[in-house]
Each structure stands twice: as C-alpha cells, then as structure tokens.
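Visitor: I would like to learn how to read a few features of a structure. Could we take them one at a time?

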Amino acid sequence: MCSVLLVWNIVLTVQVHRLSTNTSDGKVIVHNKVDTNDISSVIASVKTSVVSVESHHDVYSGVVLEKDDESLYIVTVAEAVGNTVEVYFDSGYCAQAEVLGVDEDTDLCVLCVDVDFDVDGFSLKELDEVSSGENVIGIGGRTNGIGNRVISSGVCSEEGLYEMHSDSTWLATMYETDMDVDTRQYGGALVDLNGNLLGVLVNAPSTSSSRMEYAISSAEVKKVYEDIRKDGAVTRGSLGIVVRAVNEMESYEKNQNGLNLDATSGLFILNVPETSCAYDLLYRGDRLVKMDNTSIDSLQDLRNALYKKQSGDEVKLSYIRNNESDSVTVVLQ
C-alpha cells in the first residue's frame with residue numbers, strides 16, 4: 001500500500017511541475033491546461049449542426065451552414081445525392097431534402113431542407129492558418145438506424161492542393177489527417193478544439209495516401225456553397241499548378257530554393273503538371289506574383305481569383321524567374 005501511495009505522489013508531483021512555474025519569491029503558480037483527451041465539450045457545442053444524410057440506404061453526414069426564412073442549407077458529399085435524400089437531425093426529426101447543386105471537383109453538394117425550428121449553423125468566417133500537427137475532431141451525424149454518431153480525433157496537416165478525381169483539372173484545397181474516418185462521417189465536420197469548422201470530411205482524393213483521411217477546407221467549402229446557392233453550379237477557372245506561399249516558407253526553404261530571405265510576396269511554384277494550362281510556360285522555382293492586376297500572395301488569393309474566372313478565360317500571369325520579372329498569358333481550364 002505504501003509503495004502505491006509513493007508512486008501516486010511521484011505522478012502528482014511530476015504533473016504539478018509540468019503545469020506550474022516558480023516565482024522569484026518561491027511561490028508556485030499552477031496554470032490551467034485544456035485536456036485534449038476529453039473532447040466531449042466540443043462535441044456538445046456543435047453536435048446539432050451536424051446531421052445524418054440518407055440516400056439509397058447509404059448513410060453519410062452533412063454540416064448545417066445557414067437558415068433563410070424556413071429553409072435550412074446543408075453541405076454534404078456528392079455520394080449522398082439520389083432520387084430521395086433524407087436528412088436526420090440530432091433530435092431524430094427527419095425531412096426530405098432538395099439537391100441545389102453538385103460540384104464534382106470537390107465532391108461536395110448543397111442541400112435545402114424546409115424546417116420550422118432553429119438550428120445553429122457553422123460559421124464560414126476566415127480562420128487563422130491551421131498549424132501542421134494541430135489537434136482536430138471529425139464529427140458525423142446521429143445515424144437513424146443505430147442512434148449514435150461516429151466521432152474521431154487526430155492531428156492534421158497544413159493546407160494542401162489535391163486532385164479529387166483523376167480527370168479533375170481543379171486542385172482542391174484540403175487537409176490531411178491521421179484519424180480513422182467511417183463512411184458515415186463523410187460530409188461531416190472537421191473542427192478544431194474550439195469547435196470552429198475547419199473543413200468537410202470527404203473520400204480520399206485520387207492523389208492521396210491510402211493511410212490518411214481528408215477534408216475539403218472551410219475556405220473552399222465557402223466558395224462552393226456560395227456559387228451553388230447563387231447559380232446552382234460552381235464556376236471557376238483552373239490553373240492546375242502546385243504552389244506554396246512565400247510568406248509561409250521557412251528561411252532554410254528560401255535558402256534552398258534560391259529566394260532572398262526577406263522575400264514575402266507571391267507563390268513559389270512547386271510543380272506544373274503536364275495537364276496544367278501553364279505547362280511549359282511556368283516552371284518549378286518561378287514565383288507567381290499577379291493574375292491580371294490582382295496580387296497573389298496566398299492560396300486564398302489564388303483561389304479567390306480563380307473563382308471569379310471560368311474555363312476558357314485568358315489571364316495574364318506575372319512571375320519572377322531568376323530575379324527577373326516577366327509575364328505570360330494562359331487560357332484557364
């Protein structure tokens with residue numbers, strides 16, 4: 001018994017030491033610490049904003065975004081589209097949904113459901129950059145046939161560009177995560193430890209690791225949702241290049257790639273696939289700085305510029321190569 005108490009005292013002492021600091025006068029200040037092992041409070045705060053979506057006896061999830069009068073708008077995965085689509089809320093209430101539109105290049109679709117009660121939707125506000133290795137939670141809707149919801153947790157990468165299908169020309173902005181995701185969670189929410197929506201869980205893209213799971217970033221979800229709400233379809237032009245924001249590069253990356261350490265503008269081009277409209281015009285190592293008259297300094301800048309274009313549009317790309325400025329005109333895919 002004494003040995004057990006001794007071990008427990010040692011454990012408590014180590015924990016207090018880890019979560020405390022000593023002041024100059026010898027006092028000990030114990031700091032609060034979020035217990036990332038208990039995510040129940042996060043789930044409780046957002047669970048009503050994640051629904052279950054059923055079609056052809058298949059079960060997926062969806063995220064509630066907005067309510068307009070008595071219409072509720074939900075984003076889910078394209079696989080959930082069928083002749084009859086039913087949405088089950090956390091309360092167990094079921095409603096038939098109307099499909100407003102599908103975007104195959106992100107595998108997302110938007111549903112509309114008429115309800116006479118309030119449901120809080122996720123905010124699509126711009127979030128601070130997600131750090132590589134950040135703790136995240138994957139939340140599915142409460143399944144009608146079983147009565148529970150699937151919850152996963154893990155860590156995620158920073159944003160990356162992925163080809164959703166082998167014949168896609170658009171590179172979708174996605175997060176890669178090490179959590180286990182059930183098919184019932186596809187269309188569900190990827191959130192941070194504050195309950196902010198980071199993305200929508202989707203099936204693995206064609207350019208993916210079979211050991212990881214994926215989510216379309218909330219910034220990309222916002223563009224798809226707004227276009228489908230407005231026009232019933234997504235309109236955008238595709239450039240098809242893989243880039244990294246210079247202002248996010250570490251000094252050793254800049255040094256390795258021949259950039260000035262004080263360089264902060266533009267997108268460093270990592271890859272120009274043969275399928276890109278810029279193939280043989282732009283090259284790895286070029287720094288894209290403008291599209292037409294719009295400065296491009298982040299993935300968000302590039303995404304916003306391309307969503308204002310459409311396939312077949314001509315755009316002028318300004319770039320820096322070997323410290324020399326130049327430009328080229330391409331036709332977007």
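Visitor: How do the residues of the lining of the largest cavity divide into nonpolar, polar and charged?

Guide: This is a predicted model. In the lining of the largest cavity, eight residues are nonpolar, four are polar and one is charged.

Visitor: How many cavities of 30 Å³ or more does the structure hold, and what volume has the largest cavity?

Guide: There are two cavities of 30 Å³ or more, and the volume of the largest cavity is about 130 Å³. Its lining comprises 13 residues, of which Leu161, Trp170, Leu171, Leu302 and Leu306 are the closest to the centre. Two elements give two or more residues to this lining: strand E12 (171-177) and H5.

Visitor: Which element gives the most to the lining of the largest cavity?

Guide: H5 does, with four residues.

Visitor: H5 also packs on another helix. How is such a pair described?

Guide: For two packed helices, one gives the angle between the axes and the distance between the axes. Here, helix H3 (residues 218-231) packs with helix H5 (residues 299-307) at an angle of about 15°, and the axes are 11 Å apart. Angles under 35 degrees count as roughly parallel, and H3 and H5 are therefore roughly parallel to each other. Their crossing is right-handed.

Visitor: Which residues of H3 and H5 make the contact?

Guide: H3 contributes Ala219, Glu220, Lys223, Val224 and Asp227, while H5 contributes Arg303, Asn304 and Tyr307. By class, the residues of this contact are four charged, three nonpolar and one polar.

Visitor: Next, the pockets. What is the volume of the second largest pocket, and which residues line it?

Guide: The second largest pocket has a volume of about 190 Å³. Its lining is made of Asn257, Gly258, Leu259, Asn260, Arg284, Gly285, Asp286, Arg287, Ile320, Arg321, Asn322 and Asn323. Six of the lining residues are polar, four are charged and two are nonpolar.

Notes
Residues numbered from 1 in each chain as written. Predicted model: local features only at pLDDT ≥ 70, side-chain atom pairs only at ≥ 80, totals over all residues. Heavy atoms only, no water. Axes fitted to C-alpha atoms, helices over the stretch in contact; angles between N-to-C directions. Parallel < 35°, antiparallel > 145°, perpendicular 65-115°, else oblique. Left-handed = near helix turned anticlockwise from the far one by under 90°. Contact = heavy atoms within 4.5 Å. Nonpolar A, V, L, I, M, F, W, Y, C, P; charged D, E, K, R; others polar. 1 Å grid on protein atoms, 1.4 Å probe; cavity = no way out; pocket = protein on both sides within 12 Å on 5 of 7 lines; lining within 4 Å. Points joined across faces, edges and corners; volume = space filled by probe spheres on them.
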